[in-house]
Structure formats: structure tokens, C-alpha cells
Amino acid sequence: MPVAKTNLATLVLGCTMLALVVALLVWADRFDQNPRQDEDQATTSAPAPALRLGVVPERDIYAQRRRSQACAQNPRAQLGARLQLAALRLYPGVLDELAQKKIDGAFVGSLVAVLAVDRLGAQLIVKPQQPDGGWTYRGVVFVREDSPIRSVRDLSGRTIAMLRATTAGDLFPIYLLHGEGMLDGPEAPTMRWMGTHDQVIEQVIDGYADAGAVKDLRLASFESTHAHTPLRRLAESDPVPNNSLVLRGDLPPERVAQVRRLLLDMHTTEDGRATLASFGAARFLACELDEFHAIYRMVQALGPAWERLRVDGPAPTMPTMTADE
């Protein structure tokens with residue numbers, strides 16, 4: 001029988017990307033109210049336009065939307081008048097919203113971050129560091145512990161639950177299957193596309209998919225509260241930065257610098273540390289393009305098979321600085 005769905009309270013409390021954005025809103029409000037402003041600043045100057053940040057759910061879409069709506073209803077003292085939160089259904093939506101200038105930035109996974117830089121000239125700003133010092137995640141392909149599947153080759157003719165336009169749920173499993181010559185023909189698994197990492201995990205647990213592909217941090221979080229449903233990892237990717245913040249490339253430099261400083265300095269105050277702790281981070285670190293080597297290596301190995309990903313448009317081009325790595 002299918003196991004019980006993930007507890008709603010766990011879903012709400014664990015929406016990492018949403019928590020990152022909400023924390024930014026809270027902290028930015030304090031930052032904006034900080035009296036360290038130029039004394040000669042005109043008091044009648046018009047307020048700056050709101051900074052619009054997008055967020056994509058890693059967990060239950062509906063639970064995250066309810067929390068987003070609740071956050072939007074909070075007073076200025078909690079969220080800040082100069083920032084707005086936009087909940088997006090799917091990862092490709094970030095690229096569309098950035099291209100159409102409907103949002104100014106977003107916390108995104110590594111594949112979307114690379115695509116935003118490559119296609120739109122977006123700027124990488126920061127990434128969160130976990131309390132244990134880590135700041136990366138890995139893609140994992142996994143099965144139930146009682147599954148007879150022991151290797152990627154054993155996925156022949158099976159069903160694998162995946163997640164569109166993500167490193168862990170799309171690029172990495174396609175890369176693995178391509179390497180085994182299993183993208184086409186009788187050995188090709190059936191790909192079942194889901195909307196969140198949690199939905200992928202539930203598909204495997206409930207027996208609707210033989211295997212799944214998600215980020216290891218989400219899988220570990222699920223396992224920590226579901227010890228009665230053991231899972232087994234078949235393969236892991238190289239590490240990539242987790243939940244990086246990207247901003248549009250055409251934003252005013254002073255605004256970008258303000259957001260970057262706001263986040264990089266967050267851990268230096270008691271309030272900032274408390275806010276960081278609320279979503280399980282120790283601090284923010286600067287994020288650079290050369291930290292995404294694993295993405296470019298997998299894309300390069302795919303070649304024309306890039307088209308098998310559920311991502312519209314061309315593959316990202318490997319930058320000169322990583323071409324010889």
C-alpha cells in the first residue's frame with residue numbers, strides 16, 4: 001500500500017528556497033531602516049522600485065503557495081516594502097520571467113543558474129552555506145531498498161521519476177542514461193516527469209516508479225523523517241552549488257551591490273544569524289561561475305543528446321575559464 005504523504009507541517013517548515021527569499025525580505029527591511037544612510041540624502045526622493053524575487057518549490061507546490069500568500073499578507077515590519085515575492089510553478093519559468101523582466105532575480109538550482117547566465121547575462125550573487133560548512137548538493141538516482149535494481153543498467157525497461165530543468169532530476173539522469181546507451185531503443189526507461197523533488201520521492205516509495213532522480217539534500221531530509229521506508233542510491237553526481245541567487249544583468253550596479261552586501265554581511269549581527277538559522281544556514285558566500293564545472297562537463301558529454309532534456313533552447317556554452325578544467 002502507498003505510504004502516507006509527507007506531513008504538511010514538515011512541508012511548510014522545510015520549503016528551503018521559500019525560506020531563503022522570506023529571510024531576505026525580513027533582513028532587507030531591517031537593512032532599509034538602518035540609520036546608516038548618507039546625511040545629505042534628500043528626504044523627498046522617490047522610493048526605489050520593488051525588487052521582485054522568484055522562488056520555485058522543491059517540495060509540495062500547494063503548501064508552498066499557501067505560505068507565500070501568508071508572507072505576502074504580513075506587514076512591512078516583517079517583509080519590507082521594497083521587495084516582493086513571486087511563487088513560480090516550474091524551474092523553466094524562472095528563465096521566462098527573467099527574460100520578460102517580470103522578476104529581478106531568483107534563488108535557483110545549478111542548471112537554471114547556468115542557463116540564466118548563459119542566455120540572459122544574469123549575475124551570480126550568493127549561495128547559502130550550511131551549518132556543517134557545506135554549500136553544495138549532488139544529484140542522486142535512487143530506488144527502494146527492496147528493489148531488485150542494482151545499477152543504472154538495471155533501469156532498462158523500467159520507469160524513472162524525474163524533475164524537469166534541474167541538475168539532479170533531469171541533466172544528471174539523462175547524462176547517466178546517455179553514457180550507458182540507454183536513451184533510445186528497447187533498453188530506454190520510461191521517464192515520468194513530476195513537479196517537485198518530494199513528488200519524485202513519493203512516486204518511488206508508492207511504487208509508481210521504479211527509480212527516481214532528485215538532489216541528495218532533499219532525499220536525506222526525507223529519509224530523516226521516514227526511517228520506515230529505506231531507500232538505496234544507485235549513482236551520485238559531482239557536487240554543484242546549492243540554491244544560488246541570480247539577478248538580472250541589467251539591474252543598476254548599486255542595487256546589485258546593495259543586495260550582495262546585505263546577504264554577505266547577514267551573519268555579522270545577532271538578528272542576521274537568527275534569520276539564517278531559521279532556514280538552516282550559517283551564512284551566505286559569494287558565488288562564482290567556475291563553481292559549476294560539473295554542469296558544463298555533463299552538458300559537453302551529452303553533445304546533441306542535450307535535446308533529450310526537457311529544457312527548451314540550446315545547451316549552455318562552456319566558458320573559457322572552465323574549458324580546460
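Reader: Which side chain of opposite charge is nearest to Asp-170, and how far away is it?
Author: That is Arg-164, 6.1 Å away. Asp-170 is buried (under 20% relative accessible area, with exposed over 50% and partly exposed in between, using a 1.4 Å probe and protein chains only). For charge, Lys and Arg count as positive and Asp and Glu as negative, while His and the chain ends are not counted.
Author: Bear in mind that this is a predicted model, where local features need pLDDT of at least 70 and side-chain atom pairs count only at pLDDT 80 or more, whereas totals for chains, interfaces and linings use all residues. Residues are numbered from 1 along each chain as its sequence is written, and side-chain values use heavy atoms, with hydrogens and water left out.

Reader: Thanks! Which backbone nitrogen lies 2.9 Å from a polar atom of the Asp-170 side chain?
Author: The one of Ala-165. Leaving aside neighbours within four places in sequence, Asp-170 is also in contact (heavy atoms within 4.5 Å) with several residues, including Trp-193, Leu-309 and Val-311.

Reader: And where is Asp-170 found?
Author: In helix H7, residues 167–179. Helices (H or I, at least four residues) and strands (E, at least two) are DSSP runs, numbered from the N terminus.

Reader: New topic: which residues of helix H11 are buried?
Author: In H11, residues 270–278, they are Gly-272, Thr-275 and Leu-276. Seen down the helix axis, these buried residues fall within an arc of 100° (taken from the directions from the axis to the C-beta atoms), so they line one face of H11.

Reader: What is on the other side of H11?
Author: Glu-270, Ala-274, Ala-277 and Ser-278 are exposed there. Just after H11 comes Gly-280, with a positive phi of about 80°.

Reader: Why is H12 described as largely enclosed?
Author: Seven of the ten residues of H12 (293–302) are buried, so the rest of the structure largely encloses this helix. Among them are His-293, Tyr-296 and Leu-302. Gly-303 follows H12, and its phi is positive, near 60°.

Reader: Back to phi, then. Is Asn-243 buried or exposed?
Author: Asn-243 is buried, at 1% relative accessibility. Its phi is near 50°, a positive value in a residue other than glycine. Asn-243 sits in the loop between strands E11 (240–241) and E12 (244–247).

Reader: What about Lys-101, where is that found?
Author: Lys-101 is in the loop between helix H5 (92–99) and strand E3 (105–108). Phi of Lys-101 is positive too, near 60°, and this residue counts as partly exposed at 45% relative accessibility.

How values were computed: Salt bridge = Lys/Arg side-chain N within 4 Å of Asp/Glu carboxyl O. Polar contact = N/O pair within 3.5 Å; in protein donor to acceptor, adjacent residues only side chain to side chain.
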